[in-house]
Amino acid sequence: MTQRVALVTGGIGGLGTEICKHLARSGRQVVAADLASRAEREAEFEKEVAAFGGTITFHAIDVGDFDACTQAIKSIEGKYGAVDILVNAAGITRDTTLRKMSPQQWSDVLAINLGGVFNTCRAVVEGMSERGFGRIVNISSVNGQTGQFGQTNYSAAKAGMHGFTMALAREVARKGVTVNSVSPGYCRTAMVAAIAENVRNQIIANIPVGRLGEPSEIARVVDFLCADESGFITGANIPVNGGYFMDF
Ligand code: CAA
């Protein structure tokens, strides 16, 4: 069987790195795509994935810029072959209450967290459909399901990802392409570490399992959805949040 090519945006980030490792362990050629400007983090990432040899490589991408994104994916496909698996894990926060939120803080979060999903999916969906296989996983958030104080921008973008996921899932369901979202709760990442300690402790106190999630606990779910054998799961959202938000 040919080796699947996986593209992970936000690939050198807290969740992205772990997702890259899991996909590589499952035999995929993985491209961790992230901002070129994160050079310091990229150097750490290279060390963290050194043991994977050439099966995980870095490629610069700006998911917020449609043309740059299209170009980057074209270049990735030229180098590694067509993208079979796309994981959208690129995301930013600009937390503040709405009364203080600037239009820039609003539009930055919408452009990266939701616009980025459009930009990358738009670049790969045609090829996946033509080839009759594709796996798209969008990393949303529990805060897209519950809303979070100080996150009108982020919660709106993450909730928007669910609508996008379901709509695209319908469009490509007959083409062998699945589109799902995973909604992580609070995990041990730099993004969560940046929350004020008192606020973070209050959040952790409300997680039924009593701790933050590990990035690997998100990554294994993503890996599961990306398997060739997961073709009957589409348009779904899988919450992985330690019981922080329960629904049925
Ligand atoms: N619930 C209720 N009240 C809160 C509150 C909360 N979570 N957070 C702050 N407040 C209160 C404060 O006590 C303060 O009250 P007073 O005015 O009476 O003093 C008031 O609200 C603060 O209002 P401000 O307008 O000053 O708030 P702010 O603009 O400074 O921002 C905040 C506050 C820093 C955004 C803070 O609410 C916060 O940290 N919220 C949590 C954000 C969060 O969870 N981010 C997640 C990042 S990680 C992530 O996003 C990953 C993922 O997907 C899970």
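**View 1. The shell of residues around the ligand.** Twenty residues surround the ligand, the closest of them being Asp-95, Thr-97, Ser-141, Tyr-154 and Tyr-186, where a residue is near a molecule if one of its heavy atoms lies within 4 Å of it. The structure is a predicted model, in which local features need pLDDT of at least 70 and side-chain atom pairs count only at pLDDT 80 or more, whereas totals for chains, interfaces and linings use all residues. Residues are numbered from 1 along each chain as its sequence is written, and side-chain values use heavy atoms, with hydrogens and water left out. The shell divides into eight nonpolar, nine polar and three charged residues; here Ala, Val, Leu, Ile, Met, Phe, Trp, Tyr, Cys and Pro count as nonpolar, Asp, Glu, Lys and Arg as charged, and the others, Gly among them, as polar. Helix H7 (190–193) and helix H8 (197–205) each supply at least two residues of this shell, helices being DSSP runs of H or I with at least four residues and strands runs of E with at least two, numbered from the N terminus.

**View 2. Polar side chains facing oxygen atoms of the ligand.** A polar side-chain atom of Tyr-154 lies 2.7 Å from an oxygen atom of the ligand, and for Arg-99 the corresponding distance is 2.9 Å. An N or O atom in the side chain of Gln-148 is likewise 2.9 Å from a ligand oxygen. On its own the ligand has 1,000 Å² of accessible area, of which the protein covers 60%; accessible areas come from the Shrake-Rupley method with a 1.4 Å probe, and for residues only the protein chains shown count as cover.

View 3. Asn-153 lies in helix H6 (residues 152–172) and, because its relative accessibility is 0%, counts as buried. Buried means under 20% relative accessible area, exposed over 50%, and partly exposed in between (1.4 Å probe, protein chains only). A polar atom of the Asn-153 side chain lies 3.1 Å from the backbone oxygen of Arg-94. Apart from neighbours within four places in sequence, Asn-153 is in contact (heavy atoms within 4.5 Å) with residues including Arg-94, Met-101 and Trp-106. Ala-156 is also found in helix H6, but at 32% relative accessibility this residue counts as partly exposed. Ala-156 touches Trp-106 and Gln-151, if residues up to four places away in sequence are not counted.

View 4. All six residues of strand E5 (residues 134–139) are buried. Gly-134, Ile-136 and Asn-138 point one way from E5, while Arg-135, Val-137 and Ile-139 point the other way. In a regular strand the side chains alternate between the two faces of the sheet. Strand E4 (residues 85–88) runs parallel to E5 and is joined to it by four bridges, two strands being paired if DSSP finds at least two bridges between them. Asn-138 in E5 is the bridge partner of Asn-88.

**View 5. Strand E3 beside E2.** Strand E3 (residues 56–60) is largely enclosed by the rest of the structure, because four of its five residues are buried. Strand E2 (residues 29–34) pairs with E3 in the parallel sense over five bridges, and Ala-33 stands opposite His-59 in E3.

View 6. Thr-234 lies in the loop between helix H9 (215–226) and strand E7 (237–240), and at 32% relative accessibility counts as partly exposed. A polar atom of its side chain lies 3.0 Å from the backbone nitrogen of Val-179.

Conventions. Polar contact = N/O pair within 3.5 Å; in protein donor to acceptor, adjacent residues only side chain to side chain.
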